[in-house]
Amino acid sequence: MTALQPVRPTTGELIQAAAILVDTSADYTADEFAAVLDAFIAAADDKIRALRFVAKAAESRSEAMRVEAALYAAAARAQAAVAERVTARAFQLMEAAELVGETLPGARLQVNGGKPGLMYAVGFAVGELPGLLQRVTVEPDADAIRAAIAKGEAVPDVSFRPAGRHLRWTP
């Protein structure tokens, strides 16, 4: 009598299980998802293969959502542009009415609040302003620092960070 061999899930079954795991992942807290994922891994005889299917399903879902979000963002920008054009047209009508002494109901023109804007003359040179009227930002030049360290020059209090590692799926 031979012992029953565990049946290895088919690719289709793994894809389906991974899709269900990804589909329901938003319903779980991080700890709950970790427990569900641990159970999924424990049930798999080829753990890396199973995890690869989950990762690929999540990446696929992420990309689809990114595309959909871009479409929604484009639609939102288009609608914002419509609102801006309509508001600009109402502003024109209000200004025209104001010029002839009329008042249109439903809106009013008023002076903007906040700090007054500055207008700079053509040829304005910020470097010619007194130091108290300038803002200077000093920050490290990361590319120059990397080049100096690579040449063997000492750069006080700076060193290369160890390179990170990442997982690359293999066929």
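Ala 73 lies in helix α3, where helices (H or I, at least four residues) and strands (E, at least two) are DSSP runs numbered from the N terminus. At 32% relative accessibility, Ala 73 counts as partly exposed; buried means under 20% relative accessible area, exposed over 50%, and partly exposed in between, with a 1.4 Å probe and protein chains only. The model is predicted, so local features need pLDDT of at least 70 and side-chain atom pairs count only at pLDDT 80 or more, while totals for chains, interfaces and linings use all residues. Residues are numbered from 1 along each chain as its sequence is written, and side-chain values use heavy atoms, with hydrogens and water left out.

The helix that holds Ala 73 covers residues 47-99, which makes 53 residues in α3. From first C-alpha to last, α3 reaches 76 Å, close to the 78 Å expected at 1.5 Å a residue; the expected span is 1.5 Å times one less than the number of residues in the helix. Within this element, Ala 73 and Glu 98 are 25 residues apart in sequence, and their C-alpha atoms are 37 Å apart in space.

The buried residues of α3 are Arg 49, Ala 50, Phe 53, Val 54, Met 94 and Ala 97. Their cover includes α1 (11-24) and α2 (30-43). In helix α1 is found Ile 20, which at 49% relative accessibility counts as partly exposed. Ile 20 and Ala 121 are 101 residues apart along the chain, and 63 Å separates their C-alpha atoms.

Taken as a whole, the protein has four helices and zero strands, in the order α-α-α-α from the N terminus on. Its radius of gyration is 31 Å, well over the 16 Å that the globule rule gives for 171 residues, so the protein is more spread out than a compact globule. That radius is taken over C-alpha atoms, and the globule rule is 2.2 Å times the number of residues to the power 0.38. Along the principal axes, the C-alpha trace spans about 105 × 60 × 30 Å.

Of the 171 residues, 9% count as buried. The accessible surface comes to about 15200 Å², of which 60% belongs to carbon and sulfur atoms; these areas come from the Shrake-Rupley method with a 1.4 Å probe. Among contacts (heavy atoms within 4.5 Å) between residues at least 6 apart in sequence, 48% join residues at least 24 apart.

Two backbone positions deserve attention. Most residues other than glycine have a negative phi. Just after α3, Gly 101 takes a positive phi of about 80 degrees. Asp 157 has a positive phi of about 65 degrees although it is not a glycine. Asp 157 lies in the segment after α4 (142-150), and at 84% relative accessibility this residue counts as exposed.
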